[in-house]
Amino acid sequence: MVAKTSPIALTFLGTRGEIKIRSRQHRRHSALLVRDSDVRLMIDCGADWRGRLTGVAPTAILLTHAHADHAAGLAEGAPCPVYASEETFNLLRHYPIRDRRRIMPRRPVAIGGVRFEAFPVEHSIRAPAVGYRVSAGQFSFLYLPDVADLPNAAAALRGVDLYIGDGATVSRSMVRKQNGRPIGHAPIAQQLAWCRKQGVRSAIFTHCGSPIVRGDPRTIAAAVRQLGLAHGVQADVAHDGLTLPIGVKPRSRGNCLRSALP
């Protein structure tokens with residue numbers, strides 16, 4: 001079977017969740033840069049990115065939700081259009097974001113050759129979150145850095161080549177109920193089960209929590225790969241600066257992935 005190809009590349013600008021500790025591999029709040037020709041689409045802009053957007057030079061910024069580790073980098077405004085849900089913009093109403101573009105769930109938006117679609121997820125009641133299904137050419141991925149549950153998993157993951165998920169916890173669930181709804185973080189093991197059920201064969205995890213950030217990178221990567229094998233999914237952990245050329249599956253950092261800052 002011929003691998004899908006596309007001119008775009010993904011760069012993990014940051015891979016750290018909302019935790020105090022940092023490491024060389026996980027220094028800055030999770031953010032992803034999607035590059036396609038002249039388009040530089042940044043997904044999320046946490047507090048660590050405040051004052052650093054000139055170096056990123058985004059064409060547009062998408063926000064998954066209003067938590068500080070995903071949006072506080074825009075506290076002084078944005079140099080480009082910002083896309084987010086109505087709920088997220090309401091929570092960020094005091095931010096001086098001039099060009100606000102509201103997205104509707106399941107209504108695709110295109111910027112150049114990149115198309116994205118928001119899928120509501122369970123994570124927080126106070127700061128409702130979405131994940132983004134992003135497509136370019138024949139390639140598509142789902143970006144879901146904060147998730148307790150994925151209500152519409154079949155639609156969100158149908159035909160997806162790569163799942164980019166929540167690395168807050170590897171095996172221990174961090175999900176609890178609030179007002180009868182799940183909030184928090186599903187473990188990597190649970191997310192791999194979603195992938196297996198929907199036929200997604202590659203996954204990589206960002207928004208890393210304490211178990212990953214303070215752990216030995218090789219030991220953690222091996223554990224995640226083993227979990228992936230148990231679910232029939234090629235799985236790995238992202239790190240800051242990791243660039244993934246589209247059409248290359250995340251088998252190992254040494255072979256398929258290369259580190260490069262934008």
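Arg16 and Asp48 form a salt bridge, with their closest N and O atoms 2.6 Å apart. This pair links distant parts of the chain: Arg16 sits in the loop between strand 1 and strand 2, Asp48 in the loop between strand 3 and helix 1, and 32 residues separate them. Both Arg16 and Asp48 are buried. Before I go on, please keep in mind that this is a predicted model.

The search of the whole structure finds seven salt bridges. I will mention two others. In one of them, the side chains of Arg102 and Glu86 meet at 3.0 Å, N to O. This pair also links distant parts of the chain, with Arg102 in strand 6 and Glu86 in helix 3, 16 residues apart. Arg102 is partly exposed, with a relative accessible area of 44%, and Glu86 is partly exposed at 37%. The other salt bridge joins the side chains of Asp99 and Arg101 at 2.9 Å, N to O. Asp99 is partly exposed at 29% relative accessibility, and Arg101 is partly exposed at 34%. Returning to the pair I started with, salt bridges that share partners join Arg16, Arg22 and Asp48 into one network.

His26 lies in the loop between strand 1 and strand 2. Its relative accessibility is 4%, so His26 counts as buried. Leaving out residues up to four places away in sequence, His26 touches a set of residues including Arg16, Cys208, Ile212, Val237 and Asp240. Thr15 is another residue that His26 touches, and a polar contact of 2.7 Å joins the side chains of His26 and Thr15.

The side chain of Arg133 does reach the backbone oxygen of Arg158, at 2.6 Å. A polar atom of that side chain of Arg133 also lies 3.2 Å from the backbone oxygen of Ala156.

On to backbone angles. Most residues other than glycine have a negative phi. Arg106 has a positive phi, near 65 degrees; Arg106 is in the loop between strand 6 and strand 7 and is partly exposed at 40% relative accessibility. His207 also has a positive phi, near 50 degrees. His207 is in the loop between strand 14 and helix 6, and is buried, with a relative accessible area of 4%.

Last, helix 7, residues 217-230. At 1.5 Å a residue, its 14 residues should span 20 Å, and the end C-alpha atoms are 20 Å apart, which agrees. Which residues of helix 7 are buried? They are Ile220, Ala221, Val224, Leu227 and Gly228. These residues cover an arc of only 125 degrees around the axis, so they are on the same side of helix 7. Helix 7 is followed by Gly232, with a positive phi near 70 degrees.

Technical notes
Residues are numbered from 1 along each chain as its sequence is written. This is a predicted model: local features need pLDDT of at least 70, side-chain atom pairs count only at pLDDT 80 or more; totals for chains, interfaces and linings use all residues. Side-chain values use heavy atoms; hydrogens and water are left out. Helices (H or I, at least four residues) and strands (E, at least two) are DSSP runs, numbered from the N terminus. The expected span of a helix is 1.5 Å times one less than its number of residues. Buried means under 20% relative accessible area, exposed over 50%, partly exposed in between (1.4 Å probe, protein chains only). The arc is that of the directions from the helix axis to the C-beta atoms. A polar contact is a pair of N or O atoms within 3.5 Å; within protein, one must be able to donate a hydrogen and the other to accept it, and residues adjacent in sequence count only if both atoms are side-chain atoms. Contact means heavy atoms within 4.5 Å. A salt bridge is a side-chain nitrogen of Lys or Arg within 4 Å of a carboxyl oxygen of Asp or Glu.
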